[in-house]
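The following note is intended for a colleague who is meeting this structure for the first time. Please read the numbered points alongside the sequence and the model.

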Amino acid sequence: MKKLSFKTLINGISTRTGLIWFLVFFIWLKTILTYLFVFQGLHSVNLADYLLMLVNPIGFTAIFLTLPLFIKRTPLFYTATAIFAFLGSLLVYANVLYYREFSDFLSINTLTGGAGMLGHGFDYSSIPVYPIDSLYWVDLVVVVALFAFRKFKMDNRAVSKRTAFKHFSISLMIFLITFWGGDLTEHRLVSRQAQFDDTYVVRYLGLGPWLVTNGWYTHVANQARSIAKKSDFTKVQKYIEENRYLAPNTQVFGVAKNRNVIMIHLESFQQDLIDKKIDGVAVTPFLNSLYHSNSTYAFSNFWNQVGQGKTSDAENMLETSSFGLPTGSLFQSLGSSQTFQAMPAILNQQEGYSSAVFHGNVGSFYNRINVYRNMGFQNFFDQSYWNKNSENSTDWGIKDKYLFSGSIQYLEQLQQPFYAKYLTLSNHTPYTGLTKDELDTKFKTTSSPDQLINNYFLTAHYLDQSVEEFFNYLKASGLYSKSIIVLYGDHYGISGSTDDNAYLPYLGKNISSAPLQSSSSSSSDTTTANNTAVWTDYDNVMMQRVPFMINIPGHTDGGISNEYGGELDVMPTLEHLLGVDTKSYMQFGQDLLSQNRQQFIALRNRGFVTSSFIKPSGTSTTYYDTKSGQTITPNASQIAYLNQIQTKVNTLLNMSDAMNSEDLLRFYTPTGFTPVDAGDYSYNVATTEKRLKEQQALLKAKSTSLLSENHGVSTTPLYKSTEPGLVKSSVPSSSSSTSSSSKGGTQ
Ligand code: GP9
Ligand code: MN
């Protein structure tokens, strides 16, 4: 019986159609095992994710493998089949190898060398290959062996065109159903792949479709680039030199020289949270205290300037002082092949800074893994550095208290001075994921019928506590006085995510008519709110204000500035405080502490803000008085002024867009700057932990890391958190010069 069925199987596979589906089955099997065991289940979260993931390799693979059925000649049929089967397996296995090192999928840029991977110094032989990898080839080897030992004979009977078409159509149908299912789950999946995460496309459509869509977007991006010339760059350079560059304010230039820079990205944090109270209790008491501290340069009229790329646009502005793109995310669509002259590289080359990013989401989100390498970030501690579990994470990733606390074992190993960026996550829509025992019992949120609003205050309060705990550690470890801490809200949070009128009661009754500073510099108690006001475009723009603070411990000349500025301006401001001359860099922002700043803020939608007028978007015909919020009917001279500002806003955005979409920085290397080689960086956990350890051992007494200064005694026990999961797992760790064995968040 057994023998018979084996024979039947062999006979079945010996036919042309049988062989094709046998090969499709094995490529499917290999892909699924890879999804589950190598690609971490593609971060699937629900049944639909898993179902689509299970089905997606079938259609695409079969479309190609059924093509040879149209071939009549036997040798040609078998050659074509062998080629497609080999390519199918190669696609999976090459991705396995690539993922092992980079936690990302092969893209067109990677394959062509555009991302600096091939032929750019990266040692591919360092990627581990395991005996189990032979599974990726065993099906093909078995088929070849069966032919060689004449168990299989070539089937000389070509299938009819009709049959070939039937098999091809079935494959196409399976693919289209997968595509439809994917689009249903993640709307406009393909067009939006330019916005978020490669993983989405692989999860719903598969590795092949990912490569094809990525190829298309790369082609579109390359077209804009291929026609660009050096003279296009010269125009941008002239514009910046004549209109944007500002000499530093000599009073503050270099006041923070050689200090560590700790950048804290406050997710979805609006300026109106500052000083907000609910039933007399502050939502963010710690951040309020920083805002009012005389050690902090704080700004009350600071706008986010992001577009669709939200967090990634904010990051792009802070790292490069240029805008994100008019649509999509620059990180995702151009970041893999972009020439950046970004903060980590400039600080490293001019002032000897090491650099790191800490973030609780997966590294592929917003293509960060590739972007950071092109920016010159030496380290990227993404979610894979934490033992992610249901306790320490929300749907977005590691919770903020775990993020900060788990980062210490790596932070203390960075050579000082360092540039370390923390991207928080817990205060992200839908503002859920915190459990009851993680919430501060002393803080009661609002009781709005809109749960999103109630949750927003809860996660904002949690973020505030997380930052406070981190500051406490900085003080306890001695890092505090050797650092400056920069905090900024990346973009709007609650407004725009919910019915804005539902948020009005929590803005204080005079939001539409109050003087500009009121919601940030005076406390607004939400319980006294009057909700008869109507939400306008003016409110929309005002809600785009986010906090921006530079805390310089030990200095007492800070204060709250009413200067108008935005995210574009952070980089030159910071560089000048650190004593870095920015004259030769192509930065569109203007130092917030310099004299003679241009008096307008360009919004990504081409609207603008000045101290007198607000135009909500480039196409808006309504203008508002910035201070009163009243609509205005401009007179002739005001119209001339407003038109002049609009022209300036357009030129600024056009110049930034040209520089970025045409990759114009490839035509220019500032004096003293060496272009970044992405091949120098790898963010793999094992590689990084080994490198950090070796670096300190190699430098010996010259090592400036906190751990070395502390004679190899870890400072992680100094971290105190109220997070229940951290309290229970906190075991005093004795002297250890390595922390590589325990992953972040478990200290
Ligand atoms: C994702 C996080 C959120 O990693 O940075 O991005 P957003 O949705 O705010 O753009
Ligand atoms: Mn964000």
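1. An oxygen atom of ligand 1 lies 2.7 Å from an N or O atom in the side chain of His428, which is a polar contact (a pair of N or O atoms within 3.5 Å; within protein, one must be able to donate a hydrogen and the other to accept it, and residues adjacent in sequence count only if both atoms are side-chain atoms). Taken alone, ligand 1 exposes 310 Å², and the protein buries 98% of that area; accessible areas come from the Shrake-Rupley method with a 1.4 Å probe, and for residues only the protein chains shown count as cover.

2. The model is predicted: local features need pLDDT of at least 70 and side-chain atom pairs count only at pLDDT 80 or more, whereas totals for chains, interfaces and linings use all residues. Residues are numbered from 1 along each chain as its sequence is written, chains are lettered from A and ligands numbered from 1 in the order in which they are written, and side-chain values use heavy atoms, with hydrogens and water left out.

3. Which residues surround ligand 1? They are Glu267, Lys310, Thr311, His359, Asn361, Phe365, Tyr366, Arg368, Trp396, Leu425, His428 and His491, where a residue is near a molecule if one of its heavy atoms lies within 4 Å of it. The side chain of Thr311 places an N or O atom 2.7 Å from an oxygen atom of ligand 1. For Tyr366, a polar side-chain atom lies 2.5 Å from an oxygen atom of ligand 1.

4. Glu267, in the loop between β1 (260-266) and β2 (276-278), and His491, in the loop between β10 (483-489) and α19 (500-503), are 224 residues apart, and the pair links distant parts of the chain. Helices (H or I, at least four residues) and strands (E, at least two) are DSSP runs, numbered from the N terminus.

5. Glu267 is buried at 2% relative accessibility, and His491 is buried at 0%. Buried means under 20% relative accessible area, exposed over 50%, and partly exposed in between (1.4 Å probe, protein chains only).

6. The whole structure contains 50 aromatic pairs. The ring centres of Tyr385 and Tyr410 are 5.4 Å apart and their planes stand at 85°, so this pair is edge-to-face. Rings of Phe, Tyr and Trp (its six-membered ring) pair if their centres lie within 6.5 Å; planes under 30 degrees apart count as stacked, over 60 as edge-to-face and the rest as tilted. Tyr385 is buried, with a relative accessible area of 0%, and Tyr410 is buried at 1%.

7. Two cis peptide bonds deserve a look. One joins Gln416 and Pro417, with omega about 0°; Pro417 lies in the loop between α17 and β9 (418-423). Another joins Thr429 and Pro430, with omega about 10°; Pro430 lies in the loop between β9 and α18 (451-477).

8. Positive phi values also occur in residues other than glycine: phi of Asn596 is near 60°, and phi of His711 is near 55°. Asn596 is exposed, with a relative accessible area of 70%, and His711 is exposed at 74%.
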